[in-house]
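The sequence and the model are shown first.

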Amino acid sequence: SDLIFDSVANVPGDVQHLCEAVWDVTSEGQTIEVKDVQNGLSRIISQYSEHFQTILTGLTEFQLRCLNTLAHVGGEHINSNAFMQHGGFTNASSITSAIQRLSKLGILTDSGHDYRFVNPFFAPWIRQHVL
C-alpha cells in the first residue's frame, strides 16, 4: 500500500485512480504484488501519454530539462547542487524562473518550496519517455 500512496503523492483521488487500475490488471483473489502496482501505473500513464506529449510541445528546452530533472531528483531543493548537476544547470535563478513559470502553467504545484507535479502520473511518464 505504501507504493500506491507514494506513487501518487498521497492524493486521495489519485490513490483511487491507481487502485482502480490495479484492480483492472489483477484477478479476484490474487495477492497484489509490486509488479501489479507497476502494471496499473503503466496503464494509467499510457492513457495520459498523448496529453503529456501535448504539454511538452508548448515548453522551452530549458523548461523541459527542469521537468525532467524534477521527475528524477524531486522538487524539494530545486537550487541544490544535486538538482543542478543532474540537469546540467549553471544558473540557479534561471531554474527558479522556469519552475515558477511551470507552476503558473498548472504543470507544477508549490507546497512550501517543494515543487510537485499537479498530475502525479506525469513524473513517471517523463522518466519513461524523456531522455
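## Contacts and overall fold

Within the chain, 50% of the contacts with a separation of 6 or more are made by residues 24 or more positions apart. The model is a predicted one.

The chain is built from seven helices and two strands. Read from the N terminus, the order of the elements is α-α-α-α-α-α-β-β-α. Along the principal axes, the C-alpha atoms of the chain fill a box of roughly 55 × 25 × 25 Å.

## Surface, charge and cysteines

Of the 131 residues in the chain, 37% are buried. The accessible surface amounts to about 7800 Å², and carbon and sulfur atoms contribute 49% of that area. There are 7 positive and 13 negative side chains, with the centres of the two sets 10 Å apart.

The structure contains zero disulfides. C19 has a relative accessible area of 35% and is therefore partly exposed. C66 is buried, because its relative accessibility is 0%.

## Helix α7 and its packing

Helix α7 spans residues 122-129, and its residues F122, A123, P124, W125 and I126 are buried. Against which elements do the buried residues of α7 pack? Their partners are α3 (34-57), α4 (61-73) and β2 (115-117).

## Aromatic pairs

A pair of aromatic rings is described by the distance of the centres and the angle of the planes. The structure holds eight aromatic pairs. One of them joins Y48 and F52, whose ring centres lie 5.3 Å apart with the planes at 15°, so this pair is stacked. Both residues belong to helix α3, where Y48 and F52 are four residues apart, about one turn of the helix. Y48 is partly exposed, with a relative accessible area of 23%, whereas F52 counts as buried at 1% relative accessibility.

F52 also pairs with F122: the ring centres are 4.3 Å apart and the planes stand at 10°, so this pair too is stacked.

Which residues do the ring pairs link into a cluster? The cluster consists of Y48, F52, F117, F121, F122 and W125. Among these residues, F122 and W125 are also buried residues of helix α7.

Conventions
Residues are numbered from 1 along each chain as its sequence is written. This is a predicted model: local features need pLDDT of at least 70, side-chain atom pairs count only at pLDDT 80 or more; totals for chains, interfaces and linings use all residues. Side-chain values use heavy atoms; hydrogens and water are left out. Buried means under 20% relative accessible area, exposed over 50%, partly exposed in between (1.4 Å probe, protein chains only). Contact means heavy atoms within 4.5 Å. Accessible areas come from the Shrake-Rupley method with a 1.4 Å probe; for residues, only the protein chains shown count as cover. Lys and Arg count as positive and Asp and Glu as negative; His and the chain ends are not counted. The place of a charge is taken as NZ of Lys, CZ of Arg, CG of Asp or CD of Glu. A disulfide is a pair of cysteine sulfur atoms within 2.5 Å. Rings of Phe, Tyr and Trp (its six-membered ring) pair if their centres lie within 6.5 Å; planes under 30 degrees apart count as stacked, over 60 as edge-to-face and the rest as tilted.
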